[in-house]
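This report describes a protein chain for a reader who is new to structures. Look at the sequence and the model first, then read on.

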Amino acid sequence: MTLPTASSESARIYEQVPELARLRKDVLLGDVWEQPELSRRDRILVTLGVLAAGGKIDEMKAWMSRGLEAGITLDELRGLIVQVTFYAGWPAGLAAGRAALALFEAEGKQGTVK
């Protein structure tokens with residue numbers, strides 16, 4: 001798997017905390033993300049649900065873009081937002097919606113539905 005690019009701030013943190021960088025590379029992106037039980041696409045959906053429950057908007061934005069590259073559709077992101085809203089609470093659903101808003105608005109400007 002190609003390693004997801006760390007944000008510039010995260011990259012700076014990994015530079016200062018090399019053990020965290022190693023754990024990210026070897027354990028998280030190596031062992032955890034390479035388990036055969038779930039596809040990359042499905043792992044991204046799970047990751048998005050957890051990030052949404054925690055209101056992690058910046059992280060959701062990055063993973064939503066990765067999700068689109070992995071075959072997740074905008075309609076599936078819409079479904080994820082509704083699901084999160086009822087299981088993690090209204091604020092979590094709105095946070096997920098905020099994270100996806102630019103993607104949804106760009107879809108409207110293109111006049112296409114994914």
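## The nonpolar patch

Helices here are DSSP runs of H or I with at least four residues, strands are runs of E with at least two, and both are numbered from the N terminus. The patch covers about 680 Å² and consists of Val-82, Phe-86, Tyr-87, Trp-90 and Leu-94. H5 gives the largest share, 3 residues.

A patch residue has over 30% relative accessible area and no salt bridge; like charges are joined within 9 Å, and nonpolar side chains (Val, Leu, Ile, Met, Phe, Trp, Tyr) within 5 Å. A salt bridge is a side-chain nitrogen of Lys or Arg within 4 Å of a carboxyl oxygen of Asp or Glu. Areas come from the Shrake-Rupley method with a 1.4 Å probe, and for residues only the protein chains shown count as cover.

Phe-86 belongs to helix H5. Phe-86 is exposed, at 63% relative accessible area; exposed means over 50%, buried under 20%, and partly exposed in between.

## The model

The model is predicted: local features need pLDDT of at least 70, side-chain atom pairs count only at pLDDT 80 or more, and totals for chains, interfaces and linings use all residues. Residues are numbered from 1 along each chain as its sequence is written, and side-chain values use heavy atoms, leaving out hydrogens and water.

## The whole chain

The protein chain has 6 helices and 0 strands. Of its 114 residues, 26% are buried. The C-alpha atoms fill a box of roughly 40 × 30 × 30 Å along the principal axes.

Terms used
Buried < 20%, exposed > 50% of the residue type's maximum accessible area, 1.4 Å probe, protein only.
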